[in-house]
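I opened the model today and kept notes as I went. The entries follow the order in which I looked things up.

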Amino acid sequence: MKRIRVLVIDDSVTVRQLLVDALSADPEVHVVGTAPNGALGVTLLPRLVPDVVVLDVDMPVMDGLAFLQRVRPAWPKLPIIVFSTHTTHGAETTLQAMWFGATDYVAKPSASDFESAVQQARRDLLPRIKAFARRDAAAAGPAPPRAGALAASAGPPASPGPAPRPTVVAIGASTGGPRALAELLGALPADFPLPVLIVQHMPPLFTRHLADGLSAQCELPVLEAGHGATLEPGTIWVAPGDHHLTVGRDGPQLRLWLDQGPPENACRPSVNPLFRSVADVFGHGALGVVLTGMGQDGLDGASRIRAARGQVIVQDEPSSVVWGMPGAIARAGLADKVLPLASIAPEILVRAHRSGGRRAA
């Protein structure tokens, strides 16, 4: 069995040892090298040829952001996981790292004793490392089924006649989501006529910076959702970390509601509550979009949207960092379309400006 080759780059001796202990205990993983800064990491890449890099951001000589800018042109597909601190500064720099090409991030352990920190790092990092390695192995194997073939196998049949014009867009994303969201939302024009609601799996400190970062990259206002805010067309709301985001009627108004109900699929915010609420409120006017991400959050909500005769679009496997969430929906036959990331915004625009068809309730 070919072991997954991991390069660790972190200026802290303690953190490097923690990561070596956490990862080396798994027989599928081999830590092939460590480096105390990005400059040495750059020199080790061609020599060690890792399958995955675990990267600190704040380092002397060359920090993680400079490392990403240096290596991405030559190593565009190398999975790089940022190992960040769970602080305001850590959230800011981690989001910057995502814009510069980091594949994903994991917060550094909060446990005070070394062994507990090793266990936490092992629990959070190993699934991602293995998912990225499997993705690259699959990419080297036989071609996956064509998107059209998956879409054609959709289970619940669409109603006769033209598809309904959507009245809301709800988007779910996880691993690889920030960059996918930036590309998708950046293709929507300033006069986009629908409200857009987003669940990106992230902790509280990170979602506000995500909203700020997306706002800088698109023509529509992007806000972290507030409890009781009125739903407005042409505005994008991001669910805050540790809160589920839903939509509900308040007299004549449609408002955003936040709650701290139980996590779903170990996630809060979860895509499922958002999708269920837009299905209940907008019926066949609900358009659900599921982008790259691990796990299967969104599957239950997509089923509710389809049951309400709404529409579901999912990102295809080749353009996803991890085809977990969108793949689960496609395999369940719940996707109306399976599209490359670059084709999703044009598809949304066509649907949003479609005339005729059934109107939303």
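Predicted model: local features only at pLDDT ≥ 70, side-chain atom pairs only at ≥ 80, totals over all residues.

**Entry 1: overview.** I counted 12 helices and 14 strands in the protein. Of its 361 residues, 55% count as buried. The protein exposes about 14400 Å². Carbon and sulfur atoms supply 55% of that area. I then looked at contacts between residues at least 6 apart in sequence. Of these, 74% join residues at least 24 apart.

Entry 2: In what order do the 7 strands of the open sheet run? I read 8-9-7-6-12-13-14, with parallel pairing. Strand 8 (222-224) and strand 14 (337-339) stand at the edges. Each has a single partner strand, so one side of each is left without a neighbour in the sheet. The twist averages 20° from one strand to the next.

I took one pair in detail. Strand 7 (residues 196-200) and strand 9 (residues 236-238) pair in the parallel sense over 3 bridges. Leu197 stands opposite Trp237 of strand 9.

**Entry 3: helices on the sheet.** I checked helix 9 (271-282) next. Helix 9 lies across strand 6 (168-173), strand 7 and strand 12 (286-290). Its direction is at about 165° to strand 6. Helix 12 (residues 341-352) also packs on the sheet. Helix 12 touches strand 6, strand 12, strand 13 (311-315) and strand 14. The direction of helix 12 makes about 160° with that of strand 13.

Entry 4: Is helix 7 (residues 177-186) mostly covered or mostly open? I found it mostly covered, with 7 of its 10 residues buried. Among them are Leu181, Leu184 and Leu185.

I listed the contacts of Leu185, leaving aside neighbours within four places in sequence. They are Ile171, Val196, Ile198, Leu214, Cys218 and Ile236. In soluble globular proteins, nonpolar side chains tend to be buried together.

**Entry 5: salt bridges.** I got a count of 15. I followed three of them.

Lys108 forms a salt bridge with Asp10, the closest N and O atoms being 3.2 Å apart. Lys108 is in the loop between strand 5 (104-107) and helix 5 (114-139). Asp10 is in the loop between strand 1 (4-9) and helix 1 (13-24). The two are 98 residues apart, so I logged the pair as linking distant parts of the chain. Both Lys108 and Asp10 are buried. Asp10, Asp56 and Lys108 are linked in a network of salt bridges.

Arg306 forms a salt bridge with Asp336, with 3.7 Å between the closest N and O atoms. Arg306 sits in helix 10 (residues 299-307). Asp336 sits in the loop between helix 11 (325-331) and strand 14, and the pair is 30 residues apart. Arg306 is buried at a relative accessible area of 5%. Asp336 is buried at 18%.

Glu347 forms a salt bridge with Lys337, with the closest N and O atoms 3.5 Å apart. Glu347 lies in helix 12 and Lys337 in strand 14, so the pair ties together parts that are 10 residues apart in sequence. Glu347 is buried, with a relative accessible area of 12%.

Entry 6: Where is the cis peptide bond? I located it between Arg268 and Pro269, with omega about 15°. Pro269 is found in the loop between strand 11 (253-259) and helix 9.

Ala266 is found in the loop between strand 11 and helix 9. Its phi is near 65°, a positive value in a residue other than glycine. Ala266 counts as exposed, at 78% relative accessibility.

Val61 is not a glycine, yet has a positive phi of about 70°. Val61 lies in the loop between strand 3 (52-55) and helix 3 (64-71). Its relative accessible area is 72%, so I marked Val61 as exposed.

Notes. Residues numbered from 1 in each chain as written. Heavy atoms only, no water. Helix = DSSP H or I, 4+ residues; strand = E, 2+ residues; numbered from the N terminus. Buried < 20%, exposed > 50% of the residue type's maximum accessible area, 1.4 Å probe, protein only. Contact = heavy atoms within 4.5 Å. Areas by Shrake-Rupley, 256 points an atom, 1.4 Å probe, with all protein chains shown as cover. Pairing = 2+ DSSP bridges. Axes fitted to C-alpha atoms, helices over the stretch in contact; angles between N-to-C directions. Salt bridge = Lys/Arg side-chain N within 4 Å of Asp/Glu carboxyl O.
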